[in-house]
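Reader: I'd like to go through this one with you, fold first and then the details. Can you put it up?

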Amino acid sequence: MATIGAIVGACKQHLPELDRSDLLGATIVVASAPLVAGLGLYARRASLPLAKVPFTPRSHKLVFVHEYSMALSEAGFRAIRFTSWAAGTLLDRNSSDQLLVQGIFDDILSAASWGLGGISPDDVKSYKWEIITVRDAAPGAFACASGKVVITTGMLRLLRDRPGCIAHVIAHEVAHVLARHVSEKIAHMAAGNLAVLTAMVLADSASAADRNGVPYWEGSSDLARFAKYLPKVVGFIGLNALQRPHSRRAEWEADMAGLKLMALAGYDPADAAQAFRYMDEAHSTWETGDGWLPKALSLGSTHPRTLGRVEALEAEAEAMAAAGPEGLGRVCSQPPGYWGLM
Ligand SMILES: [Zn+2]
């Protein structure tokens, strides 16, 4: 309280035109930042279960029960499978595309159960693994926390039906699941939302505390104008700081762990970078249109630039090729070369 008093005192001295409500509102909103930071610190320090990111030295704490994310995403997956089935776009189990995808998926999962890269075979068994193929011209692939993976025929065509390229896309999704990236993202989003909510609630109470009935942000001073936008600023910074690095990092991790999984499963690791080249090609062809692709593959703020990802994959694939089959296990157990840069 002494600090808040000192801030108010200093502001009064330098900005004598400010009234009491301006200062109170601004101070309360500013004071919410340490509260949010404190909550974040508590989540980090508390003894929560750890999720190990395969093939990297990183682990993260599961702020929410993993089963919660599993149940949520399982419900989402069932809805997608049902609507695809009802629309007639869910590929039959015996269709050639689904057979191809299923075979690759099984190969990746069996490589994941070998216990390399810090993956626990028991952990692999704990998921409800399933892969479905949906007939859709738009290339896409995603994974649910529970181990369900969805891939579109558009993605298979974009990758020229090349098994190695499809293997990296599927292994990338399996890596997201094993790294518990979905649970991590839910926790980060919740923290970001909490930051915005706290700032909003505090700003509201500051407004209600005004004796004249005039909200504090309707003052004419610079500080009052600043305070008006503060909740938005806090929210923007909070969401970006929490989500952006997480998403970028999660994509790097899934790329690299996926590369190792597909290589262990017997696919050519050079096909991982090739998959990105096909996506880049499609991106530059579609860039000027208004189709889904510029949006999906613009790899905006939350995605690392494709070029950087291709280079990292190429460097790692070269190290694997240099190590030969007998050195593959060793290369896969080491943190990737780019890791020191993160
Ligand atoms: Zn991804």
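Author: Here are some notes on the chain, its helices, its sheet and its core. Keep in mind that this is a predicted model.

Reader: Fine. How many helices and strands does the protein chain have?

Author: There are 12 helices and five strands in the protein chain. It has 342 residues, and 37% of them count as buried.

Reader: And the contacts, what share comes from residues 24 or more positions apart?

Author: 72%, counting the contacts in the protein chain with a separation of 6 or more.

Reader: Let's do the sheet. What is the strand order?

Author: The order is β3-β5-β4, an open sheet of three strands with mixed pairing. β3 (130-134) and β4 (141-143) are the edge strands, each pairing on one side only. On average, neighbouring strands of this sheet are turned by 15° against each other, direction ignored.

Reader: In what sense do β4 and β5 pair?

Author: Antiparallel, over three bridges; β5 covers residues 148-152. Ile151 in β5 is the bridge partner of Ala141.

Reader: Which strands does α4 touch?

Author: α4 packs on the sheet and touches β3 and β5, its direction making about 150° with that of β3. Helix α7 (residues 163-178) also packs on the sheet. α7 touches β4 and β5, and its direction makes about 25° with that of β4.

Reader: Back to α4. Which of its residues are buried?

Author: Val101, Ile104, Phe105, Asp107, Ile108, Leu109, Ala111 and Ala112. The helix has 17 residues, 96-112, and reaches 25 Å from its first C-alpha to its last, close to the 24 Å expected.

Reader: Which residues touch the most other members of the largest nonpolar core?

Author: Ile108, Ile170, Val174, Leu261 and Met262, out of 62 residues in that core.

Reader: What is Leu261 in contact with, leaving aside its neighbours within four places in sequence?

Author: Leu261 is in contact with Ile108, Ala111, Ala112, Ala171, Val174 and Ala175.

Reader: Now α3. What span should it have?

Author: 30 Å, because it has 21 residues (66-86) at 1.5 Å a residue; its end C-alpha atoms are 30 Å apart, which agrees.

Reader: Which residues are buried in α3?

Author: Ser69, Met70, Ser73 and Phe77. Seen down the axis of α3, the buried residues fall within an arc of 95°, so they line one face of the helix.

Reader: What sits on the face turned away from the buried side?

Author: Exposed residues: Glu67, Ala75, Ala79, Phe82, Thr83 and Ala86.

Reader: Which residue just after α3 takes a positive phi?

Author: Gly88, with a phi of about 75°.

Conventions. Residues numbered from 1 in each chain as written. Predicted model: local features only at pLDDT ≥ 70, side-chain atom pairs only at ≥ 80, totals over all residues. Helix = DSSP H or I, 4+ residues; strand = E, 2+ residues; numbered from the N terminus. Expected span 1.5 Å × (residues − 1). Buried ≥ 20, exposed ≤ 12 C-beta atoms within 10 Å, placed from the backbone. Arc of directions from axis to C-beta. Core = buried A, V, L, I, M, F, W, Y, C linked by C-beta atoms within 7 Å. Contact = placed C-beta atoms within 7 Å. Pairing = 2+ DSSP bridges. Axes fitted to C-alpha atoms, helices over the stretch in contact; angles between N-to-C directions.
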